[in-house]
Number of protein chains: 2
Amino acid sequence: MVSWVPVSKNSDFTIYNLPFGIFETKRISARAGIAIGDKIVDLSVLHDEGFFSDITQLPNDIFLRDSLNDFIALGKAVTKKVRERVQELLNDEKEDLKVHQCRGKAMVNRKEANLLLPVKIGDYTDFYSSKEHATNVGTMFRDPDNALLPNWKHLPVGYHGRASSIIPSGVPIKRPKGQYKDANMEAPEFGPSRRLDFEVELAFITGKATKMGDSISTADAEDYIFGFVLFNDWSARDIQAWEYVPLGPFLGKNFASSISPWIVTLEALDAFRVAGPKQEPEVLPYLQCEKDHGFDINLEAYIQPEGKNSNKVCTSNYKYMYWNIAQQLAHHTVNGCNINVGDMYASGTISGPTEDSYGSMLELAWKGTKPLTLEDGEERKFIEDGDTVIMKGYCEKEGIRVGFGEVSAKVLPAT
Amino acid sequence: MVSWVPVSKNSDFTIYNLPFGIFETKRISARAGIAIGDKIVDLSVLHDEGFFSDITQLPNDIFLRDSLNDFIALGKAVTKKVRERVQELLNDEKEDLKVHQCRGKAMVNRKEANLLLPVKIGDYTDFYSSKEHATNVGTMFRDPDNALLPNWKHLPVGYHGRASSIIPSGVPIKRPKGQYKDANMEAPEFGPSRRLDFEVELAFITGKATKMGDSISTADAEDYIFGFVLFNDWSARDIQAWEYVPLGPFLGKNFASSISPWIVTLEALDAFRVAGPKQEPEVLPYLQCEKDHGFDINLEAYIQPEGKNSNKVCTSNYKYMYWNIAQQLAHHTVNGCNINVGDMYASGTISGPTEDSYGSMLELAWKGTKPLTLEDGEERKFIEDGDTVIMKGYCEKEGIRVGFGEVSAKVLPAT
């Protein structure tokens, strides 16, 4: 399949992808779009022109809302039809939109658009599902011989995070202040975090709600998942280390999380499905899966110091995840916890087996003991003021590319 | 002050209280009301009749929405005026409403009303601010000589909880299922929780938002707090014990939290303000307070087995809290975490110094070693199927009573 919209060789936004997002420009208000090449398809224009007239469940203004929640809530039968219709309309072999008078209005230049949060996020959960990451952290802070805690291989450990501070790519973050107490301090001190870190994660978004008391089986889980975004789970390691016992991370995490603005659908990722790592010991029946729920998604993280070039510091892959999305959602709801459309579930830091595949500075610079050297000789143990952290993610197979674009945010000094 | 509405001696809903809630009846849709005696004032009727005509910031339909968020977001200047106007109108010395033709329509019988969640909750945070509770738990599970972890007296420990499963009083909950691994088990097992517990808490609700990156000082904190509700933080102790390392409680808590439906305003509680316990060691400057932020609120918990009388099992008080609301909110935002109108912040279990003042079955029956004996000789280590757990809260001083009503929920068997 080739589109009549020019799509460069390394574009993440091919005709096989067609992710959904919310955008605005200087001229038009926030609305729903689909990314293709360097363009955004304004779905409201296609809807107005009758291109979706047979999809009768679509309210008139469904694409003119400032989040995708109501659209996603219409269900996969509807959202898939819309995406497939856009795929047809963008196909170089079809003339319906290609030569239509509305084409100019329907196709917006991506560089002129401001990308917003694609969904209103109700609840946000962060898992801890990479064995390599959990092992690295356990080795550094506990015991190399018993790096994983006893529960880790029996359930996808997770915790609730802060939804209000999830921001779209491009919004800068401010270095958080807080309490920390290093081993050499008599009492805790207060100030800007000295150990600001990123975490390379992916997050899925649910597109279907449950009632309180209901559970989702691993077999049904994907019916509830609309798609994925890149997720940078900003972390202040010194604040986190002091506060986190016994109830988990709080201010070390909740000052900001950055996401990529385009939701790549589960349908677009289907071709890149892989088996996950073998799970040993065998998991309890409610966590067993009939099919593969892993995805081969290349992940990269870059640090770009102020006014300088960016430096790739991490090359990882989502396929390393020990716990998959079906297991995460089945576990999350097995106690009857109800979910809503627009809820977000991050994977936890995605580290691979090699030292260059670790998904956080904590691991890459091994607790500050192995600083990374950047292009111009600067060293990094953690993230400095003025640094921009950029994460990218893409799948590639048999010449077909489906990617996430990027999530990027600059770190401003504490005030 | 006396109201022309009959208010019985032990009513929580006196003319000094006037809490806000959202109610519906068989005849009228969800809307905002104020409780007085056994009645609810339908604020939309008063608004229609022009009783608030000088409060120009009130949109026409502000009291006909299904949550109080938009009303609260108008700011304390407005919400205080509305409450004070209702207080005037209900005063036995004033005739404006007492003899008005709309009186019948404006005053709804509380027993005919269904009380809903008063706010749409964005984010929900649970603190751990009772020293007695944290000490009891630390003594039971760790070390009686070092029951409090090193950070506990330096910061109000807290974590994020699940907003989606917060339900109003009266909605039954289902016993959650999940993994647990007792000391005598070789591997984790799966099934209905065998140690279902309640936690007696109060929760405050923020009425004013901040921007990401901003912090709230202890001096300003109360400007951001609209009021309080009773909060039952249902907990499955066996699930929690197995899952909670290292990232905190998750499925052991997120299956349900029950709240009382009436938000008692900070203004109504002002007369019951008290100093909190002395904090030693001295806290960091950002946690220091100029005035008293504690409140003398009597708290009670009851267990009512199916078809039997209720048994009071806990008599506690909010004044025991080591960390106060100003410190909680200042700490929560000191790193720049942004808050929204309708966010909820629970206190953590409120235990007092005596054995009958512990705020959970875990503590009352001391980890199952001292079962409670109920009226008819039945024993309880934890909560059984069919039990209804009821919590009440009220302030009383110089003949003036301001209370919360109750939060009640029955436990249904797992399915």
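This is a predicted model: local features need pLDDT of at least 70, side-chain atom pairs count only at pLDDT 80 or more; totals for chains, interfaces and linings use all residues.
**Entry 1**

Chain A goes onto chain B with an RMSD of 0.0 Å, using a turn of 180° and a shift of 0.0 Å along the axis. The two copies are therefore related as by a two-fold rotation axis. I then checked the contact surface, and the same one serves both copies: 100% of the contact residues of chain A recur in chain B. Which residue of chain A comes closest to the rotation axis? I found A:G248, with its C-alpha at 2.1 Å.

**Entry 1: the annotated domain**

Next I looked up the record. UniProt, in an unreviewed entry, lists residues 125–393 of chain A as "domain: Fumarylacetoacetase-like C-terminal".

**Entry 2: the binding-site residues**

The unreviewed UniProt entry places it at A:D126, A:E199 and A:E201. These residues span 76 residues in sequence, yet no two of their C-alpha atoms are more than 11.3 Å apart, so they gather at one spot.

Where does A:E199 lie? I traced A:E199 to the loop between β12 (196–197) and β13 (200–206) of chain A. Is A:E199 buried or exposed? A:E199 has a relative accessible area of 3%, and since the cut-off for buried is under 20%, A:E199 counts as buried. Leaving out residues up to four places away in sequence, I listed the contacts of A:E199, among them A:H133, A:F231, A:D233, A:R237, A:K253 and A:T349.

A:E201 sits in strand β13 of chain A. A:E201 is buried too, with a relative accessible area of 1%. With neighbours within four places in sequence set aside, the contacts of A:E201 include A:D126, another residue of the annotated site.

**Entry 3**

An α-helix has 3.6 residues a turn, so residues three or four places apart point the same way.

How many residues of helix α8 (residues 325–333) of chain A are buried? I found 9 of the 9, so α8(A) is largely enclosed by the rest of the structure. The buried residues of α8(A) include A:Q327, A:Q328, A:H331 and A:H332. At the N-terminal end, A:N324 caps α8(A), with a side-chain oxygen 2.9 Å from the backbone nitrogen of A:A326.

**Entry 4: an open sheet in chain B**

I moved to chain B and found an open sheet of 5 strands, antiparallel in its pairing, in the order β4-β3-β2-β1-β5. Its edge strands are β4 (107–109) and β5 (114–116) of chain B, each pairing on one side only. On average, neighbouring strands are turned by 50° against each other, direction ignored. Helix α3 (residues 76–90) of chain B packs on this sheet and touches β1 (20–24), β2 (31–36), β3 and β4 of chain B. The direction of α3 makes about 75° with that of β1(B). Looking at one pairing, I counted 3 bridges between β3 (residues 39–42) of chain B and β4(B). B:K39 stands opposite B:N109 in β4(B).

Most residues other than glycine have a negative phi, and most peptide bonds are trans. I went looking for exceptions.

- A cis peptide bond joins A:V245 and A:P246, with omega about -5°; A:P246 is in the loop between α6 (237–243) and β16 (257–259) of chain A.
- Another cis peptide bond joins A:E280 and A:P281, with omega about 5°; A:P281 is in the loop between β18 (273–274) and β19 (294–295) of chain A.
- B:K367 is not a glycine, but its phi is positive, about 60°. B:K367 is in the loop between α9 (361–364) and β23 (372–373) of chain B and is partly exposed at 43% relative accessibility.
- B:E398 has a positive phi near 50°. B:E398 is in the loop between β25 (388–397) and β26 (400–412) of chain B and is exposed at 74% relative accessibility.

Definitions and conventions: Residues are numbered from 1 along each chain as its sequence is written. Chains are lettered from A and ligands numbered from 1 in the order in which they are written. Side-chain values use heavy atoms; hydrogens and water are left out. UniProt positions are given in the numbering used here, feature names are shortened, and annotations may be inferred rather than shown by experiment. Copies are superposed by least squares on the C-alpha atoms of residues with pLDDT of at least 70 in both. Contact means heavy atoms within 4.5 Å. Buried means under 20% relative accessible area, exposed over 50%, partly exposed in between (1.4 Å probe, protein chains only). Helices (H or I, at least four residues) and strands (E, at least two) are DSSP runs, numbered from the N terminus. A polar contact is a pair of N or O atoms within 3.5 Å; within protein, one must be able to donate a hydrogen and the other to accept it, and residues adjacent in sequence count only if both atoms are side-chain atoms. Two strands pair if DSSP finds at least two bridges between them. Axes are lines fitted to C-alpha atoms, for helices over the stretch in contact, and angles run from 0 to 180 degrees between N-to-C directions.
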